[in-house]
Amino acid sequence: MTTSHTHAVRPEPGLTLAESGTGRPVLVLHGGGGPDTVTGLAAHLARTAHVITPTHPGWHGTPLPGGFTGVDDLALAYLHLLHDRGLRDVLAVGSSLGGWIAAEMAVRDQAGILGGLVLIDAVGVAVEGEPIRDFFALDARGVAEYAYHDSERFYVDPAEVPAAQLARRQGDTAALRTVAGDPYMHDPKLLGRLGRVGIPALVLWGESDRIVTPGYGAAYAAAFGDGRFETVREAGHLPHIEQPEATFALIDAFLGE
């Protein structure tokens, strides 16, 4: 039986969490699209684990504290949260921006809090010859074309989006610019630091992702001390949404080992 609730967390400012399930602690970190993009992923993991799903400060109308100016601030806030709760062997699962946060947590985890990583089409590193698509330059049609295998299925006309929801999306984009806009969507030093991360890392990638390509993902996985790269067919930047069964099967197999 699972339970679910949402509450604000202190002393770390600006953290709002949803929690569900029991078992191994799992931290699920959403990407730039907000917590709704990982709802299904969190629900799947909560069948066998205690899942903690934060809303990053600045997303979904939550305040962005003045001290939060980069992904490293988010990574440290989440490490402090896990440390203060006395959690160990935590699996960090991150999509896109969330994967970057998880990777930054891993290179800073001197206390051995994390026990594994699952990065899903993560940004965060610089790979020669594999540039990250400029998300901020894309309109709604462009996002659908570059982020999804089936762009027609996932394209949403902004004119049909309720005003409150549109305003929330604009706020999310503004927060993304603040923490990940300069340098754009990466930490220049991160790729070279991943070799010292010894915990198992599963790097999952949608074969049709054109925001960050599978070649980028393969280089990301190879940089870890214990990294594995797997692709999901007929999926783009959010394979857990576009092909959930295939994505969950790969995660479950990884956890089963």
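Me: How far does the backbone oxygen of Asp 89 lie from a polar atom of the side chain of Arg 24?

Reply: This is a predicted model, in which local features need pLDDT of at least 70, side-chain atom pairs count only at pLDDT 80 or more, and totals for chains, interfaces and linings use all residues. Residues are numbered from 1 along each chain as its sequence is written, and side-chain values use heavy atoms, with hydrogens and water left out. A polar contact is a pair of N or O atoms within 3.5 Å; within protein, one must be able to donate a hydrogen and the other to accept it, and residues adjacent in sequence count only if both atoms are side-chain atoms. The distance from the backbone oxygen of Asp 89 to the polar side-chain atom of Arg 24 is 2.9 Å.

Me: What is the relative accessibility of Arg 24?

Reply: Arg 24 lies in strand E3, residues 24-29; helices (H or I, at least four residues) and strands (E, at least two) are DSSP runs, numbered from the N terminus. Buried means under 20% relative accessible area, exposed over 50%, and partly exposed in between (1.4 Å probe, protein chains only). Arg 24 counts as partly exposed because its relative accessibility is 29%.

Me: How many residues of strand E7 are buried?

Reply: E7 covers residues 201-206 and is mostly covered. In a regular strand the side chains alternate between the two faces of the sheet. Here Ala 201, Val 203 and Trp 205 point one way, while Leu 202, Leu 204 and Gly 206 point the other way. On both sides they are buried, which gives a count of six of six.

Me: How many bridges join E7 to strand E8?

Reply: Two strands pair if DSSP finds at least two bridges between them. E7 is joined to strand E6 (residues 114-120) by four bridges, running parallel, with Val 118 opposite Leu 202. E7 also runs parallel to E8 (residues 227-232), and there Leu 204 stands opposite Glu 230. The number of bridges between E7 and E8 is six.

Me: Is the β-α-β unit made by E7, helix H8 and E8 left-handed or right-handed?

Reply: A crossover is right-handed if, with the strands pointing away from the viewer, the path from the first strand over the helix to the second runs clockwise. In this unit the helix is H8, residues 214-223. The unit formed by E7, H8 and E8 is right-handed.

Me: Within what arc do the buried residues of H8 fall, seen down its axis?

Reply: An α-helix has 3.6 residues a turn, so residues three or four places apart point the same way. In H8 the buried residues are Tyr 216, Gly 217, Tyr 220, Ala 221 and Ala 223. They line one face of the helix, because the directions from the helix axis to the C-beta atoms fall within an arc of 160°.

Me: Which residues have the most contacts inside the largest nonpolar core?

Reply: A nonpolar core is a set of buried Ala, Val, Leu, Ile, Met, Phe, Trp, Tyr and Cys residues joined through side-chain atoms within 4.5 Å. A second, separate core has 18 residues, including Leu 41 and Leu 202. The largest core has 54 residues, and those with the most contacts inside it are Met 105, Leu 117 and Tyr 220.

Me: What covers the buried residues of H8?

Reply: Contact means heavy atoms within 4.5 Å. Tyr 220, one of the buried residues of H8, touches residues that include Trp 100, Leu 119, Leu 190 and Trp 205. For the buried residues of H8 together, the cover includes helix H3 (97-108), E6, helix H7 (190-193), E7 and E8.

Me: What is omega for the peptide bond that joins Asp 182 and Pro 183?

Reply: Most residues other than glycine have a negative phi, and most peptide bonds are trans. Pro 183 lies in the loop between helix H6 (163-180) and H7. The bond joining Asp 182 and Pro 183 is cis, with omega about 0°.

Me: What is phi of His 60?

Reply: His 60 is in the loop between strand E4 (49-55) and helix H2 (71-84). At 25% relative accessibility, His 60 counts as partly exposed. His 60 is not a glycine, yet its phi is positive, near 55°.
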